[in-house]
Amino acid sequence: MADVEQGSAVPSGSAGVGSAPSGGAEPVNGTAQFVSTAEGTALAYGSLVLMALLPIFFGALRSVGCCKSKNSSDMPETITSRDAARFPIIASCTLFGLYLFFKIFSEEYINLLLSVYFFVLGILALSHTMSPFMNRIFPTSLPNKQYQLLFTQGSGENKEEIVNYEFDTKDLVCLGISSVVGVWYLLKKHWIANNVFGLAFALNGVELLHLNNVSTGCILLGGLFVYDVFWVFGTNVMVTVAKSFEAPIKLVFPRDLLERGLEASNFAMLGLGDIVIPGIFIALLLRFDVSLKKNTQTYFCTSFLAYIFGLGLTMFVMHTFKHAQPALLYLVPACIGFPVIMALVKGELTEMFRYDESSPESEAAAKEEKERCEKKEN
């Protein structure tokens, strides 16, 4: 999580990277730098915390499986222990590759390609995010027609499905609204449009990326803990990429909003990785709560409060030392440590680490919870 100086490019990254807070009044490019007020800084930090909590909370609830998926593409992607162990290595290679790209090729053309790529992804992510809400507010008087997009290869017995996507009128409305936001982002790169796409990406990530057990979650968070600390404090690679990379993979909020309104440009920033990575672990603990069949959300609430504590500690340290901080340095110990201590106190530590979503018991519990949610909706 980090701040960005006025007039600089808004950095983006998976683990909170950016320039130091711009609370001073030293000149930048010959002009006086904006001095952020205490009220503006508090508003920015508070808004970032709130925006970070929303996709984790709603994404975790949706990850339980209350909404029945119509398409195989909406099914969750399970992260195994092998995937978790390889992820920091893959992320490091990707980060260093981007660093080399920005050093060799023109930054303008790379960001143009990235803008088009995230324009398409953002529309799809926002449409998927809006779909459950559209189901509730869509007028019953309007016809809701069903459609199917089908691409096949071959003929007869050798026919093979390449794409089989089912959708309805409600989905088309969501797609239309999302396209308007996408065009707004593509043309203006406004921070509100950036945040709309960023929230959609984060919520989809928490909902659709599933850890199969707590051990896998510890491996993933532990590996990215090292990754985050090394690339932020050990080299300038992540900072360089963050300053050059223009895409809605971060949440931003202006600290000069009270003075300049919607045209403000002195941003505080939180990378989506600092939301999604702890978020999928918190969502796993919610599903573990469901599997216990005790009608409590002890571990979800504990990890959720731990995330708030860790994020608050990140901001406090950054504001105190005036230096960008890798948020996972504080979030990982909090999000793992608090639930483990709670499990020790309750005597459920062994049960927590034995929980596996691929087991018949967990699948039955998820199915039971899904049916309960569907009855509540009806």
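The model is a predicted one.

**Core**

I looked up the largest nonpolar core and found that it has 86 residues. L48, I275, Y307 and L311 have the most contacts inside it. I then checked which element gives the most to this core: helix α9, residues 273-292, with 12 residues.

**Helix α7**

Next I went to helix α7, residues 237-244, and listed its buried residues. They are V237, M238, V241, A242 and S244. I also looked up what covers them; α2 (81-104), α3 (107-137) and α6 (214-234) are included.

**Salt bridges**

My search of the whole structure returned 5 salt bridges. I followed up three pairs, written out below.

The side chains of R62 and E207 meet at 3.2 Å, N to O. This pair links distant parts of the chain, with R62 in helix α1 (residues 38-63) and E207 in helix α5 (residues 191-208), 145 residues apart. Are these two side chains in buried or exposed positions? R62 has 15% relative accessibility, so I put it down as buried. E207 is also buried, because its relative accessible area is 10%.

K189 and E246 form a salt bridge through their side chains, 3.8 Å from N to O. I noted K189 as partly exposed because its relative accessibility is 33%. E246 is at 33% relative accessibility and therefore counts as partly exposed.

For K294 and E348, I recorded a salt bridge of 2.5 Å, N to O. Here K294 sits in the loop between α9 and α10 (298-321), and E348 in the loop between α11 (328-346) and α12 (349-354); they are 54 residues apart. E348, in contrast, is buried, because its relative accessibility is 6%.

**Aromatic pairs**

I ran the aromatic search over the whole structure and got 17 pairs. One aromatic cluster is formed by F57, F58, F300 and F304.

**Cysteines**

How many disulfides does the structure hold? I found 0. C174 is at 1% relative accessibility, so I listed it as buried. C335 is at 0%, and therefore it counts as buried.

Notes. Residues are numbered from 1 along each chain as its sequence is written. This is a predicted model: local features need pLDDT of at least 70, side-chain atom pairs count only at pLDDT 80 or more; totals for chains, interfaces and linings use all residues. Side-chain values use heavy atoms; hydrogens and water are left out. Rings of Phe, Tyr and Trp (its six-membered ring) pair if their centres lie within 6.5 Å; planes under 30 degrees apart count as stacked, over 60 as edge-to-face and the rest as tilted. A disulfide is a pair of cysteine sulfur atoms within 2.5 Å. Buried means under 20% relative accessible area, exposed over 50%, partly exposed in between (1.4 Å probe, protein chains only). A nonpolar core is a set of buried Ala, Val, Leu, Ile, Met, Phe, Trp, Tyr and Cys residues joined through side-chain atoms within 4.5 Å. Helices (H or I, at least four residues) and strands (E, at least two) are DSSP runs, numbered from the N terminus. Contact means heavy atoms within 4.5 Å. A salt bridge is a side-chain nitrogen of Lys or Arg within 4 Å of a carboxyl oxygen of Asp or Glu.
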